[in-house]
Amino acid sequence: MAMTKTLSMISRTGRDLQRYNDGCRQVVGCIPYRYRKTNQSSTVQGTQIDDLEFLLISSQKSPRWMFPKGGWETDEALEDAALRETFEESGVIGEVEVHEFLGTWNFKSKSQGTFHEGHMFPLLVTDELDDWPEKTVRKRLWLKFSEAREVCWHSWMKEALDVFASKLTKRNKEEEEPQTCAFDELSYEQTIGAVSDPMFCVEPRISIEANDLTCEELRISLVGKLKFNQESRTKPLFDEISNVANSMFSEEATMSTKAQQMFNEEMGNGHVTPMFGEGKRISIAAFS
């Protein structure tokens, strides 16, 4: 998030407002970065780690390089402290990417002999200022990822940079994965049982593969990826299947009746026994 309040050109000093957690001093910092191709902040889909540059600053007391960081005080939110410290030490401002929080590291200050908890964020740089509070005591250096990792003095800051690279790689992988349609592999039962807007229903197509006499298999092939309403669609569908099957059995019954009649005439019998009794019904089993 970007800070909207005014930034002071005088660095905060003293420990009166310093936060502590179980005796550990709370510090917060940022990994400032920008896009190499244009040196301007933008959002680029599929950005690779080598497309970026990272800003390091020198220590006040030595030529060691590190990312900007400082004390988190009681009158400010964590992300506000991160942006303030980055501005005071390196003279850049931008968007603190709170949703990409890199983590918290415990370390011991060699110069002070005290334990610290360091919280780190990425910061997408939008402005690099010519003047800043600690300009006279620090230098700035933009480097590629591999170079920044090599010269950074603090091991915990290197780990934070590795987390940044890991998050970027994971995001790129997710963007490259194809988006599949939820209805590509729906079974007949899933489709029949689903509820959808009737306006977008797709008519089913019936494909019947059957033996001429026995009607061994009746198969329903559903065409369309959209769902349709069971109550309004299934009854006409199975009525049509039943009619086809009954017609086939009716033809077989007619043929058998004619054969029986010819036999009776040959034997001198004038009465033909019906093949099917009046009380019998035909049941059709359809398989999807």
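Residues count as buried under 20% relative accessible area, as exposed over 50%, and as partly exposed in between (1.4 Å probe, protein chains only). The structure is a predicted model, in which local features need pLDDT of at least 70 and side-chain atom pairs count only at pLDDT 80 or more, while totals for chains, interfaces and linings use all residues. Residues are numbered from 1 along each chain as its sequence is written, and side-chain values use heavy atoms, with hydrogens and water left out.

Salt bridges were assigned where a side-chain nitrogen of Lys or Arg lies within 4 Å of a carboxyl oxygen of Asp or Glu. The count is twelve. Helices (H or I, at least four residues) and strands (E, at least two) are DSSP runs, numbered from the N terminus.

D162 is partly exposed, as its relative accessible area is 27%. R149 is also partly exposed, at 33%.

A salt bridge also joins R140 to E128, with 3.6 Å between the closest N and O atoms. Here strand β9 (residues 140–143) supplies R140 and strand β8 (residues 115–128) supplies E128, so the contact ties together parts twelve residues apart in sequence. The relative accessible area of R140 is 24%, which makes this residue partly exposed. E128 has a value of 35% and is likewise partly exposed. Both residues take part in a network of salt bridges, together with R34 and E53.

K135 and D131 form a further salt bridge through their side chains, at 3.2 Å from N to O. K135 is partly exposed, with 40% relative accessible area. D131 falls in that class too, at 47%.

Negative charge also gathers on the surface. E174, E175, E176 and E177 make up a negative patch. Patches consist of residues with over 30% relative accessible area and no salt bridge; like charges are joined within 9 Å, and nonpolar side chains (Val, Leu, Ile, Met, Phe, Trp, Tyr) within 5 Å. E176 is exposed, because its relative accessible area is 62%.

Helix α1 (residues 78–90) holds R84. R84 is buried, at 8% relative accessibility. A polar atom of the R84 side chain lies 3.0 Å from the backbone oxygen of G71. E88 is also part of helix α1. This residue is buried, with a relative accessible area of 3%. The C-alpha atoms of E88 and M9 are 7.4 Å apart, although 79 residues separate the two along the chain.

R15 is placed in the segment before β1 (20–21). With 39% relative accessibility, R15 is partly exposed. From R15 to E73 the C-alpha distance is 8.4 Å, across 58 residues of sequence.

Key
A polar contact is a pair of N or O atoms within 3.5 Å; within protein, one must be able to donate a hydrogen and the other to accept it, and residues adjacent in sequence count only if both atoms are side-chain atoms. Accessible areas come from the Shrake-Rupley method with a 1.4 Å probe; for residues, only the protein chains shown count as cover. Lys and Arg count as positive and Asp and Glu as negative; His and the chain ends are not counted. The place of a charge is taken as NZ of Lys, CZ of Arg, CG of Asp or CD of Glu.
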